[in-house]
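Student: Could we go through this structure together? I would like to start with its pocket.

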Amino acid sequence: MLQELWFNVQYGINHVLDINAYDHVLFLIVLTVPYLFKDWKRVFLLVTMFTIGHTLSLILSTYGVVKVSGNLVEFLIPITILIVALFNVFTSGKGAQKEKVGVLFISTLFLGLVHGLGFAREFKLLVGGEDNKLITLLEFALGIEIAQVIIVFIILFLGYITQTVFRFSKRDWVMVVSAIVVGLVIPMLLNSPLLQ
(Lines give C-alpha, C1' and ligand atoms only; values in the text may rest on other atoms or scores of the structure.)
Protein backbone atom coordinates (compact mmCIF):
# COMPACT_ATOMS: atom_id res chain seq x y z
CA MET A 1 0.00 0.00 0.00
CA LEU A 2 2.73 2.45 1.03
CA GLN A 3 4.86 1.28 -1.90
CA GLU A 4 1.96 1.99 -4.29
CA LEU A 5 1.43 5.44 -2.77
CA TRP A 6 5.11 6.29 -3.20
CA PHE A 7 5.08 4.96 -6.80
CA ASN A 8 2.13 7.24 -7.72
CA VAL A 9 3.58 10.28 -5.94
CA GLN A 10 6.93 9.67 -7.63
CA TYR A 11 5.15 9.30 -10.98
CA GLY A 12 3.58 12.73 -10.46
CA ILE A 13 6.95 14.26 -9.54
CA ASN A 14 8.60 12.71 -12.62
CA HIS A 15 5.74 13.91 -14.84
CA VAL A 16 6.56 17.52 -13.98
CA LEU A 17 10.37 17.15 -13.94
CA ASP A 18 10.58 15.11 -17.18
CA ILE A 19 13.33 16.77 -19.23
CA ASN A 20 11.71 15.61 -22.51
CA ALA A 21 8.37 17.20 -21.66
CA TYR A 22 9.52 20.54 -20.32
CA ASP A 23 6.29 22.38 -21.20
CA HIS A 24 5.12 22.00 -17.58
CA VAL A 25 8.35 23.57 -16.28
CA LEU A 26 8.14 26.42 -18.82
CA PHE A 27 4.61 27.17 -17.67
CA LEU A 28 5.69 27.22 -14.01
CA ILE A 29 8.58 29.54 -14.88
CA VAL A 30 6.35 32.16 -16.52
CA LEU A 31 3.75 31.79 -13.78
CA THR A 32 6.29 32.34 -10.99
CA VAL A 33 8.85 34.78 -12.44
CA PRO A 34 6.89 38.00 -11.63
CA TYR A 35 6.86 37.16 -7.90
CA LEU A 36 9.24 37.42 -4.93
CA PHE A 37 9.63 35.21 -1.85
CA LYS A 38 7.27 37.47 0.12
CA ASP A 39 4.52 36.58 -2.40
CA TRP A 40 4.90 32.83 -1.71
CA LYS A 41 1.27 32.41 -0.52
CA ARG A 42 -0.07 33.84 -3.75
CA VAL A 43 2.29 31.73 -5.87
CA PHE A 44 1.38 28.61 -3.89
CA LEU A 45 -2.32 29.36 -4.46
CA LEU A 46 -1.72 29.81 -8.21
CA VAL A 47 0.23 26.56 -8.44
CA THR A 48 -2.50 24.75 -6.49
CA MET A 49 -5.14 26.14 -8.89
CA PHE A 50 -3.09 24.64 -11.71
CA THR A 51 -2.94 21.25 -9.92
CA ILE A 52 -6.71 21.34 -9.32
CA GLY A 53 -7.34 22.01 -13.03
CA HIS A 54 -4.84 19.31 -14.05
CA THR A 55 -6.42 16.74 -11.70
CA LEU A 56 -9.98 17.68 -12.70
CA SER A 57 -9.29 17.14 -16.40
CA LEU A 58 -7.55 13.83 -15.63
CA ILE A 59 -10.62 12.70 -13.63
CA LEU A 60 -13.01 13.75 -16.42
CA SER A 61 -10.99 12.02 -19.14
CA THR A 62 -10.19 8.89 -17.07
CA TYR A 63 -13.90 8.35 -16.43
CA GLY A 64 -14.75 9.09 -20.07
CA VAL A 65 -16.69 12.32 -19.39
CA VAL A 66 -14.45 14.41 -21.66
CA LYS A 67 -12.64 13.39 -24.83
CA VAL A 68 -10.49 15.94 -26.65
CA SER A 69 -8.28 15.49 -29.71
CA GLY A 70 -4.62 14.98 -28.74
CA ASN A 71 -3.54 17.25 -31.62
CA LEU A 72 -5.69 20.10 -30.32
CA VAL A 73 -4.27 19.73 -26.81
CA GLU A 74 -0.69 19.65 -28.15
CA PHE A 75 -1.48 22.94 -29.89
CA LEU A 76 -3.18 24.54 -26.86
CA ILE A 77 -0.40 23.76 -24.35
CA PRO A 78 2.27 25.97 -26.01
CA ILE A 79 -0.43 28.60 -26.68
CA THR A 80 -1.22 28.78 -22.94
CA ILE A 81 2.47 29.15 -22.06
CA LEU A 82 2.89 31.82 -24.74
CA ILE A 83 -0.10 33.79 -23.41
CA VAL A 84 1.27 33.89 -19.85
CA ALA A 85 4.79 34.76 -21.08
CA LEU A 86 3.46 37.62 -23.23
CA PHE A 87 1.26 38.78 -20.34
CA ASN A 88 4.45 39.02 -18.26
CA VAL A 89 6.31 40.93 -20.98
CA PHE A 90 3.53 43.50 -21.39
CA THR A 91 2.77 43.92 -17.68
CA SER A 92 6.23 43.61 -16.08
CA GLY A 93 6.77 46.43 -13.63
CA LYS A 94 3.08 47.40 -13.73
CA GLY A 95 1.98 45.29 -10.74
CA ALA A 96 -0.65 43.35 -12.70
CA GLN A 97 0.20 40.23 -10.69
CA LYS A 98 -0.90 42.00 -7.50
CA GLU A 99 -4.53 42.26 -8.60
CA LYS A 100 -7.22 40.43 -6.65
CA VAL A 101 -7.95 36.77 -7.36
CA GLY A 102 -9.47 36.92 -10.79
CA VAL A 103 -8.19 36.67 -14.33
CA LEU A 104 -4.83 35.14 -13.39
CA PHE A 105 -6.38 32.51 -11.11
CA ILE A 106 -9.17 31.58 -13.54
CA SER A 107 -6.70 31.39 -16.44
CA THR A 108 -4.32 29.25 -14.33
CA LEU A 109 -7.18 26.84 -13.56
CA PHE A 110 -7.98 26.69 -17.30
CA LEU A 111 -4.32 26.09 -18.16
CA GLY A 112 -4.27 23.24 -15.63
CA LEU A 113 -7.32 21.73 -17.36
CA VAL A 114 -5.58 21.92 -20.76
CA HIS A 115 -2.29 20.47 -19.48
CA GLY A 116 -4.17 17.64 -17.72
CA LEU A 117 -5.88 16.69 -20.98
CA GLY A 118 -2.42 16.49 -22.57
CA PHE A 119 -1.45 13.79 -20.10
CA ALA A 120 -4.78 11.92 -20.03
CA ARG A 121 -3.87 9.21 -22.55
CA GLU A 122 -0.68 8.22 -20.71
CA PHE A 123 -2.46 8.35 -17.36
CA LYS A 124 -5.21 6.00 -18.61
CA LEU A 125 -2.50 3.45 -19.44
CA LEU A 126 -1.11 3.82 -15.91
CA VAL A 127 -4.42 3.20 -14.11
CA GLY A 128 -5.70 0.66 -16.66
CA GLY A 129 -8.58 -1.30 -15.13
CA GLU A 130 -7.86 -0.32 -11.52
CA ASP A 131 -10.85 -0.03 -9.21
CA ASN A 132 -9.39 2.78 -7.11
CA LYS A 133 -8.57 5.22 -9.95
CA LEU A 134 -9.50 8.22 -7.82
CA ILE A 135 -6.98 7.31 -5.09
CA THR A 136 -4.28 6.89 -7.77
CA LEU A 137 -5.26 10.29 -9.23
CA LEU A 138 -4.98 12.02 -5.85
CA GLU A 139 -1.61 10.42 -5.10
CA PHE A 140 -0.41 11.47 -8.56
CA ALA A 141 -1.70 15.02 -7.92
CA LEU A 142 0.28 15.12 -4.67
CA GLY A 143 3.44 14.26 -6.64
CA ILE A 144 2.67 17.02 -9.14
CA GLU A 145 2.20 19.54 -6.33
CA ILE A 146 5.49 18.54 -4.65
CA ALA A 147 7.43 18.90 -7.93
CA GLN A 148 5.78 22.24 -8.67
CA VAL A 149 6.68 23.60 -5.22
CA ILE A 150 10.32 22.57 -5.83
CA ILE A 151 10.40 24.35 -9.21
CA VAL A 152 8.66 27.45 -7.81
CA PHE A 153 11.18 27.61 -4.95
CA ILE A 154 14.10 27.39 -7.43
CA ILE A 155 12.63 30.17 -9.61
CA LEU A 156 11.95 32.42 -6.60
CA PHE A 157 15.49 31.74 -5.33
CA LEU A 158 17.05 32.54 -8.75
CA GLY A 159 14.94 35.71 -8.91
CA TYR A 160 16.16 36.72 -5.46
CA ILE A 161 19.84 36.11 -6.36
CA THR A 162 19.51 37.92 -9.70
CA GLN A 163 17.80 40.93 -8.18
CA THR A 164 19.89 41.27 -5.00
CA VAL A 165 23.38 40.00 -5.92
CA PHE A 166 23.46 40.94 -9.62
CA ARG A 167 21.24 44.01 -9.17
CA PHE A 168 18.86 43.19 -12.03
CA SER A 169 15.68 45.22 -11.78
CA LYS A 170 12.57 43.11 -11.24
CA ARG A 171 11.21 44.38 -14.56
CA ASP A 172 14.34 43.26 -16.46
CA TRP A 173 14.32 39.85 -14.73
CA VAL A 174 10.68 39.24 -15.71
CA MET A 175 11.22 40.52 -19.26
CA VAL A 176 14.37 38.46 -19.94
CA VAL A 177 13.03 35.17 -18.51
CA SER A 178 9.64 35.56 -20.21
CA ALA A 179 11.31 36.41 -23.54
CA ILE A 180 13.50 33.27 -23.27
CA VAL A 181 10.37 31.18 -22.66
CA VAL A 182 8.67 32.79 -25.68
CA GLY A 183 11.74 31.80 -27.74
CA LEU A 184 11.50 28.19 -26.50
CA VAL A 185 7.73 27.86 -26.89
CA ILE A 186 7.37 29.18 -30.47
CA PRO A 187 9.13 26.09 -32.00
CA MET A 188 6.87 23.85 -29.84
CA LEU A 189 3.87 25.67 -31.28
CA LEU A 190 5.11 25.48 -34.87
CA ASN A 191 5.87 21.76 -34.50
CA SER A 192 2.47 20.89 -33.02
CA PRO A 193 0.61 18.28 -35.15
CA LEU A 194 -2.29 20.70 -35.74
CA LEU A 195 0.00 23.02 -37.76
CA GLN A 196 1.75 20.27 -39.74
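Student: How do the residues of the lining of the largest pocket divide into nonpolar, polar and charged?
Tutor: The lining holds 13 nonpolar, eleven polar and seven charged residues (Ala, Val, Leu, Ile, Met, Phe, Trp, Tyr, Cys and Pro count as nonpolar, Asp, Glu, Lys and Arg as charged, and the others, Gly among them, as polar). This is a predicted model: local features need pLDDT of at least 70, side-chain atom pairs count only at pLDDT 80 or more, and totals for chains, interfaces and linings use all residues. Residues are numbered from 1 along each chain as its sequence is written, and side-chain values use heavy atoms, without hydrogens and water.

Student: Which helix gives the largest share of that lining?
Tutor: H5 does, with eight residues. Helices H1 (2-17), H2 (23-32), H3, H4 (70-91) and H5 (103-127) each supply at least two residues; helices are DSSP runs (H or I, at least four residues), numbered from the N terminus.

Student: Changing topic, at what angle do H3 and H6 pack?
Tutor: H3 (residues 40-62) and H6 (residues 133-164) pack at about 150 degrees, their axes 10 Å apart. Axes are lines fitted to C-alpha atoms over the stretch in contact, and angles run from 0 to 180 degrees between N-to-C directions. H3 is therefore roughly antiparallel to H6 (an angle over 145 degrees).

Student: And which residues meet there?
Tutor: Among them, Phe44, Val47 and Leu58 in H3 meet residues of H6 that include Leu137, Phe140 and Ile144, where contact means heavy atoms within 4.5 Å.

Terms used
Angles under 35 degrees count as roughly parallel, over 145 as roughly antiparallel, 65 to 115 as roughly perpendicular and the rest as oblique.
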